[in-house]
Amino acid sequence: MFDDNTIVAIATANGIGSISIVRVSGKQALEIALKISKRESLKPRLATLSTLYTKSNEAIDEALLLYFKAPFSFTGEDIVEFQCHGGVAIANMVLDEVLNCGARIANPGEFSKRAFFNGKMDLSKAEAISKIIEARSEDAVKLLAKQLKGELSNFVEDIREDLLFMLAYTEVSIDYAEDDLPTDIFEKIEEKLKNIKEKLENTLEASKRREGMIEGFKLAIIGKPNVGKSSLLNKLLNYDRAIISDIAGTTRDTIEESVKIGTHIIKIVDTAGIRDETSDVIEKIGIEKSITAINEADIVVALFDNSKPCDKEDEKILSLLHNTSNKQILKVLNKTDLQKNFDISKLDDYTNLSTKESIQPLVTKIEKILDTNTHSDEMTLISKRQIDSVFQTLHHINESSMPLQTGELEFFAHHITEALHFISNITRPYENDEMLDVMFGEFCLGK
């Protein structure tokens, strides 16, 4: 839990701007605001222009005061916001006066923490708030806005209700075996288990496919040495990030940069050239990191040199691609401005390109892949914590099937209880009283 101290923080970013907001929350918030503004009252939800004063009666600034009376505020407590002129000095002076009046500096995330404990939001919404502030793409904002509106909360609540239904009927069957129960109850439970399992599996698969929406999708550029990988990276970034040289093996490590394509943020990884053999220890390490980058990428762009015959190094690239699963692979025949020597029968589907000219055809293909991954109504989890919770829930759903079929209801109830705990971790912890409410609310046991 949290203490009942009144807390304060500067809510706007540090630096020069037109306004700064100092936010105060707690039982002393209104009292402190009235003291600093020398006013007798503040009307809730009405912007009030007022001069702010120090304890020695010196004017600090003319500011707008907004009072949100509990429980109708972000934290569920009394909140006052001081909207003063921007800049570092004024906001800090207001902050100091609030501290002098008895408030303390808020800890990171404490306003949201109080909102959670006061029932103003669940954990999924709190996570969405944290991530939407850091969002770097339109895709991320749209996804997180859905969670702020309660999409994930509703998804979890539907599953919780079904699990509570199963648990309640199971406990009744165990404790009151002689009572008349609906004859088709276990058929209904099996159907609900099947539906929950399908929902969770689809959610995990969609979340894995779309995890780049928050942090940025990963795109790895691979190919043999001197095929034009660094040139392509520089062209995508529109500036010279990587050294370009005719000497093979110039890039010995992976280079990672971010760029926006359409509405998407992608992390481009320029890898060391993959060659058949090298005696250079550092280059070998670079090649190993290149293979790791392929495994971690959402999209792999494989470059081949149009001006040279297909050799062992190209064959090694093709073999790597063949053994790579669950990746979007774009094969690119680079240096098409030079005379053709590459056997194109080796490439079943490819894009012609010259980094000396426009690379728009490749960019269009990349954007199309990203649009396919993001423009969907599928439920998506936004954090490792949420993914782990769903994974564990699915595990216990799977484990519950056999005890249900064999009539071992105590073991079945155990797994359903565990599933309830894990799915509830996404929004709000499960309490045993919820099951009892369902159990005694739906059945007339007469006991």
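Two strands are treated as paired if DSSP finds at least two bridges between them. Strands (E, at least two residues) and helices (H or I, at least four) are DSSP runs, numbered from the N terminus.

## Basis of the model

This is a predicted model, in which local features need pLDDT of at least 70 and side-chain atom pairs count only at pLDDT 80 or more, while totals for chains, interfaces and linings use all residues. Residues are numbered from 1 along each chain as its sequence is written, and side-chain values use heavy atoms, with hydrogens and water left out.

S3 and S4 form a hairpin with five residues between them. In its turn, Asn57 has a positive phi of about 70 degrees. Strand S3 (residues 48-53) runs antiparallel to S4 and is joined to it by six bridges; Thr51 stands opposite Glu62 in S4.

S4 also pairs with strand S5 (residues 79-85), again in the antiparallel sense, over five bridges. Here Leu64 lies opposite Gln83 in S5. Of the 10 residues of S4 (residues 59-68), seven are buried (under 20% relative accessible area, 1.4 Å probe, protein chains only).

## Nonpolar cores

A nonpolar core is a set of buried Ala, Val, Leu, Ile, Met, Phe, Trp, Tyr and Cys residues joined through side-chain atoms within 4.5 Å. The largest has 32 residues, and Leu232 and Val301 have the most contacts inside it. Helix H12 gives the most to this core, with five residues. A second, separate core of 31 residues includes Leu163, Leu167, Leu200 and Leu381.

## Thr355

Thr355 lies in the loop between strand S12 (351-352) and helix H12 (360-374). Thr355 is buried, at a relative accessible area of 17%. Leaving aside residues up to four places away in sequence, Thr355 touches Gly228, Ser231, Leu232, Lys235 and Asn334 (contact: heavy atoms within 4.5 Å).

Methods. Buried means under 20% relative accessible area, exposed over 50%, partly exposed in between (1.4 Å probe, protein chains only).
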